[in-house]
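Hello,

Please find the structure below, followed by notes on what was found in it.

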Amino acid sequence: MKEKPVDPEFIVDDEPMTPATPEKPSTGSKLKKRITLALFILLNVGILVYTAFIDFGTERPKYTGEPLGWKNLLFLLGGIGCLMVFYAAETIKYLLMMRHLGEKVSVRRAFETAALGKYYDSITPSGAGGQPFQIWHLYSHGYSTGAAAAMPLTGFFTMQFGFVILALAVFLFNNNAIDAVGIKITAYIGAVVYMVVPVMIILTAVAPKVMMRIVAFFVNLGGKMRIVKNPQATIRKSVRGLMNYSKSLKSIANNPPLLIGMLALSVLLQVAICSLPYFVIHAFGGEIGYIQAVSMCVFIYAAITIVPTPGNAGAAEGSFYLLFSSLSTAGLFWAMLVWRFLSYYSFIIIGLLIYGVNALKKLLHQKE
């Protein structure tokens, strides 16, 4: 007998929507993790070796300035400063949300949540791991279920909107920052992709029944195509999750000053990250204008958002090299390496340090 597609409204009417306890996200089997890690490392090493081979094999004017002079160091410090601005802005966003939702305001938890979100975004395909671990991290440290779910989701979609605002400004006012038509088109598509999840989250808060029917339609379609094994259970779980987030999300969205402040902080942190190429290129003797560097970096990030590798590995390095290959002196490889370290690898290192420090504190506490 053919199973009748489930109506999501029946789920809401028949069952009370009580907040579900967040479950710690699964990290997969050890073998799968090791294989994924090995492939990830090989991909990054391969890209770096290839870029070094191309760069060192290209004749460029030699940089005649003072090696590691004070100007170089100042620009490197400027790049590190951009990273600090990013973390500060994202931490302040969580502090604002904690206060607004009546939760415990903790600078440590706010920073850890922001940093661990970037850590898991950096090591999971398509950056899909950040929010689940942020939700679990907040819940496991005493934050209510609704707040633990709402804060990472609100932080995520404001960050996404922050990039879209910056990208639209670049597309409208400095669209000639690059000449490559292919990258431009890919960047436009990427900017649209950036909007998909935030729009879904907003619909959940503003029009939950509309969002539920959209989810039900696609899940039922997947069931007919035999992509989704159990449509009823999938819809039930999806609808319950969406409804659980709605209340806290509405609370934040209904406070215009808070929402505007978070969007402003999100634009600021996106500008900070996109300013990194300017500082690292100048640190290695290159010459490029600030607006031009930021605009080209926006095109890079928009274009590579559809690449599913962790941290957009491969596409990011290749795009950087392609767009900044006009660097007037030798050192493009090193500029790319430092840029990638600050904009990507540093997130992984800081995340590991947080886990290491917390594990050490827990061990010392157990010995007391």
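Glu 90 and Lys 93 sit three residues apart in helix H3, about one turn of the helix (helices are DSSP runs of H or I with at least four residues, numbered from the N terminus). This is a predicted model, in which local features need pLDDT of at least 70 and side-chain atom pairs count only at pLDDT 80 or more, while totals for chains, interfaces and linings use all residues. Residues are numbered from 1 along each chain as its sequence is written, and side-chain values use heavy atoms, with hydrogens and water left out.

The side chains of Glu 90 and Lys 93 form a salt bridge at 3.1 Å, N to O (a side-chain nitrogen of Lys or Arg within 4 Å of a carboxyl oxygen of Asp or Glu). Both residues are buried (buried is under 20% relative accessible area, exposed over 50%, partly exposed in between, with a 1.4 Å probe and protein chains only). For Glu 90 the relative accessible area is 4%.

The structure holds three salt bridges. In helix H4 (residues 107-123), Arg 108 and Glu 112 are four residues apart, and their side chains meet in a salt bridge of 3.1 Å, N to O. Arg 109 also bridges to Glu 112, with the closest N and O atoms 2.8 Å apart. Arg 108 is partly exposed at 37% relative accessibility, whereas Arg 109 and Glu 112 are both buried.

Elsewhere, Val 210 is in helix H8 (residues 208-224) and is partly exposed at 44% relative accessibility.

Regards

Definitions and conventions: Helices (H or I, at least four residues) and strands (E, at least two) are DSSP runs, numbered from the N terminus.
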